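Welcome! Open your viewer, get your selection tool ready, and follow along one stop at a time.

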Amino acid sequence: MNRSSTLKNTAASAYRNAEGFVPQRAAYIETAAITANVRALREVAKGAKLLAVLKADGYGHGIVPAARAAVEGGADYLGTAVLEEAFAVRAAGITAPLFSWLSAPGAPYGRAITEDIELAAYSLGQLREIAEAGQLVGVVPRIHLKIDTGMWRGGATLEDWPGLCAAARELEAEGKVRVLGIWSHLACADEPGHASVPAQLEVFRQAIATARALGLDPVLCHIANSAATLAGPEAHFDMVRPGLAVYGVNPLAEGDRGNAPALRPAMSLGAAVVQTKRAPAGAGVSYGHTESTERETTLAVVPLGYADGVFRSASSAGPVLIGKRTYRVLGRVCMDQFVLDVGDDDVAAGDAVLLFGPGDSGEPHVEAWAAAAGTIPYEVLTRIGSRVPRIYL
Ligand SMILES: *Cc1c(COP(=O)(O)O)cnc(C)c1O
């Protein structure tokens, strides 16, 4: 077989570095897909603003390129979980409004406030700590108060909410904070029809009303992740906070997607075959000999393993594309590599292997890898190891 035809139409073949090499193993990132997805999500969100979630290194895509692509697509806000991520965005010279929502006492709030990073307050103690940090650096911190509407993760309880709002109002009157937003998070947005969704939304509306009654004037109320953004307008409020969908993956089950826009997966994970060899029937393959060849066949070694984010739980299950055919991992995924049974097909060292991507060449979607590994696409994307180069197409 003509080897270049094996490579044709794969993300791997689309890229040659300056020396003309196809990388041995890489995550190919199509930043234009992130930009297009943000544009499409803005249409879905209509009047609401859009915050593009960039946590976990932009869901594994690279936080800075993802931030730039999202801003190009019209993201009004950027969001990170921890402050280190927000600092990385600012260090790259990105000046878009930026909200960061997960920090414990002693966090570098002064630096965050100086760098124009908006902060979440879950409790009275945290609110006071942020206000004091603002006094020290001479800048009024911009705060989004978090109400726990029923996920029982972070945020003020219903019981603590009026006290938190009243204290925030007092600090506002003293010029020590500005409460810009009120926000929460949904537990079951990816299960449309789940009774907890309208219940949480009702608690959210009441919490906003309480805050207003206590004199606060939040201009950004937000609760919708990707699933709640795509499921309908009920949860959009003033701003939506999609993450996974920005990277082109819809968290809703196919039957629940309605007329959601087509999103384009931005990442392809690929490698080049290291070696092929013929093996007789009955050859035990990989660690533990959990599988054996059924007949004489060709085995191919792929240089990606669990240290690269190829889940060990996808042993004997994960699908990969070579040329036009899809194979499954044979036996255990190792730290750096796994083995495929390619039968009598014409596969050779150097051939391009795609684990997942947008599907242009018939490669699996990341959802298929997640299912094979017994997990969710979020975990597959965010676990791609630092050893895998990200290549921006
Ligand atoms: C991760 C996260 C999101 C985005 O969730 P997706 O399901 O990826 O859209 C939104 N808001 C908060 C607070 C998050 O932690």
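Which residues in the largest nonpolar core touch the most other members? Keep in mind as you look that this is a predicted model. To find out, select Leu-78, Leu-127, Leu-145, Trp-161, Phe-338, Leu-355 and Phe-356: these touch the most other members of a core that counts 118 residues. Now colour domain 1 (3–26 + 266–392) and domain 2 (31–256) separately; both give residues to this core, so it lies between them. As background, nonpolar side chains in soluble globular proteins tend to be buried together.

Next, zoom in on Leu-78. Leaving aside neighbours within four places in sequence, the contacts of Leu-78 include Leu-51, Leu-54, Val-71, Val-89, Ile-94, Pro-97 and Phe-99. Alanines are on the list too, among them Ala-52, Ala-67, Ala-70 and Ala-96.

**The ligand**

Now show the ligand. There are 13 residues around the ligand, and Lys-55, Tyr-59, Ser-226, Leu-244 and Tyr-378 come nearest.

- Tyr-378: a polar side-chain atom is 2.6 Å from a ligand oxygen atom.
- Leu-244: here a backbone N or O atom lies 2.8 Å from an oxygen atom of the ligand.
- Trp-101: an N or O atom in the side chain is 3.4 Å from an oxygen atom of the ligand.

How much of the ligand does the protein bury? Taken alone, the ligand exposes 380 Å², and the protein buries 94% of that.

Select Asp-57, which sits in helix α4 (residues 55–59). Asp-57 is not a glycine, yet its phi is positive, about 55°. With a relative accessibility of 36%, this residue counts as partly exposed.

Then jump to Ser-316, in the loop between β14 (297–302) and β15 (319–322). Ser-316 also has a positive phi, about 60°, without being a glycine. Its relative accessibility of 35% makes Ser-316 partly exposed.

**Last stop: Thr-375**

Is Thr-375 buried or exposed? Find this residue in the loop between α12 (366–373) and α13 (377–382). Thr-375 counts as buried because its relative accessibility is 18%, and buried means under 20%. Show side chains here: a polar contact of 2.3 Å joins those of Thr-375 and Glu-379. Leaving aside neighbours within four places in sequence, Thr-375 is in contact with Phe-311, Ala-370 and Val-380.

Technical notes:
Residues are numbered from 1 along each chain as its sequence is written. This is a predicted model: local features need pLDDT of at least 70, side-chain atom pairs count only at pLDDT 80 or more; totals for chains, interfaces and linings use all residues. Side-chain values use heavy atoms; hydrogens and water are left out. A nonpolar core is a set of buried Ala, Val, Leu, Ile, Met, Phe, Trp, Tyr and Cys residues joined through side-chain atoms within 4.5 Å. Buried means under 20% relative accessible area, exposed over 50%, partly exposed in between (1.4 Å probe, protein chains only). Domain bounds come from an automatic or database domain assignment. Contact means heavy atoms within 4.5 Å. A residue is near a molecule or strand if one of its heavy atoms lies within 4 Å of it. A polar contact is a pair of N or O atoms within 3.5 Å; within protein, one must be able to donate a hydrogen and the other to accept it, and residues adjacent in sequence count only if both atoms are side-chain atoms. Accessible areas come from the Shrake-Rupley method with a 1.4 Å probe; for residues, only the protein chains shown count as cover. Helices (H or I, at least four residues) and strands (E, at least two) are DSSP runs, numbered from the N terminus.
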